[in-house]
Amino acid sequence: MNDTMGHAAGDAVLAAFGARLTAWAGPQAAVGRLGGDEFATVLSLPAERRARRLEQLARMLHTPVTLDDGRTINVAASIGAATPDVLAPAT
């Protein structure tokens, strides 16, 4: 994106993703940028709501970003999730 639309556009997309993740995760979560275009979120999400909430996140992150100059950028994201119940117990 930086090569084709400029660094300001890339920065705007990163800021939009950060804001979207923060809004989705809520005030009790931790949201951070790992580097580049990678983000992580840590939150408590009940198993019965997990699939629906992840689908909501995917829709939010695939919504185009509108730049200050009016251009619209189509964006996409890949999402992974890990839960403590699938991790092996500590020995």
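Mentor: Happy to! A helix here is a DSSP run of H or I with at least four residues, numbered from the N terminus. Please keep in mind that this is a predicted model. By that rule, helix α2 covers residues 7-25, and R20 is found in it. Let's begin with the geometry of the helix.

Next, the buried side of the helix. The buried residues of α2 are A9, G10, V13, L14, A16, F17, G18, R20, L21, W24 and A25. Their cover includes the helices α1 (2-5) and α3 (47-61), along with the strands β1 (30-35), β2 (38-42), β3 (65-66) and β4 (72-73).

Now for R20, the charged residue you asked about. R20 is buried, yet it has no salt bridge. Because a salt bridge needs a side-chain nitrogen of Lys or Arg within 4 Å of a carboxyl oxygen of Asp or Glu, D68 does not qualify: this nearest side chain of opposite charge is 12 Å away from R20. What the R20 side chain does reach is the backbone oxygen of M60, at 3.0 Å. Leaving aside residues up to four places away in sequence, R20 touches M60, L61, T63, P64, V65 and V75.

Terms used
Residues numbered from 1 in each chain as written. Predicted model: local features only at pLDDT ≥ 70, side-chain atom pairs only at ≥ 80, totals over all residues. Heavy atoms only, no water. Helix = DSSP H or I, 4+ residues; strand = E, 2+ residues; numbered from the N terminus. Buried < 20%, exposed > 50% of the residue type's maximum accessible area, 1.4 Å probe, protein only. Lys, Arg positive; Asp, Glu negative; His and termini not counted. Polar contact = N/O pair within 3.5 Å; in protein donor to acceptor, adjacent residues only side chain to side chain. Contact = heavy atoms within 4.5 Å.
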